[in-house]
Amino acid sequence: MKNTNTNGIFKTEKKNPADRMDQATLASRAILEQETAARQKKTARLRQLRLGQEAAEAASAAAAPAKKRRSQKRK
């Protein structure tokens, strides 16, 4: 009977606290990388939209003739 207890069959192995910290670090780094990638993707999309909008505004401003100002008559 003593042989079964000494073999470690029924014993639970103690986990190293450093292993848990490593798992938490890896998980947090993965989350941060996902958030960074999503933010960069969103920034690139918004930049493209802004540049497109600015180009459209510049084209419409160049196409529209400038209005002449009337000179006001003095009384």
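## Thr43 and helix H2

Thr43 lies in helix H2. Helices here are DSSP runs of H or I with at least four residues, strands are E runs of at least two, and both are numbered from the N terminus. The model is predicted: local features need pLDDT of at least 70, side-chain atom pairs count only at pLDDT 80 or more, and totals for chains, interfaces and linings use all residues. Residues are numbered from 1 along each chain as its sequence is written, and side-chain values use heavy atoms, with hydrogens and water left out.

A polar atom of the Thr43 side chain sits 2.8 Å from the backbone oxygen of Arg39. Thr43 is partly exposed, at 36% relative accessibility. Buried means under 20% relative accessible area, exposed over 50%, and partly exposed in between (1.4 Å probe, protein chains only).

## The salt bridge

The count is one salt bridge, meaning a side-chain nitrogen of Lys or Arg within 4 Å of a carboxyl oxygen of Asp or Glu. It joins the side chains of Glu54 and Arg50, at 3.6 Å from N to O. Side chains of opposite charge can pair when their charged atoms come close.

Glu54 and Arg50 are four residues apart in helix H2 (residues 17–63), so about one helical turn separates them. Glu54 is partly exposed at 42% relative accessible area. Arg50 is also partly exposed, at 41%.

## The whole chain

The protein chain has two helices and zero strands. Of its 75 residues, 0% count as buried.

The chain exposes about 8,300 Å², by the Shrake-Rupley method with a 1.4 Å probe. Carbon and sulfur atoms supply 54% of that area.

Note on methods
Polar contact = N/O pair within 3.5 Å; in protein donor to acceptor, adjacent residues only side chain to side chain.
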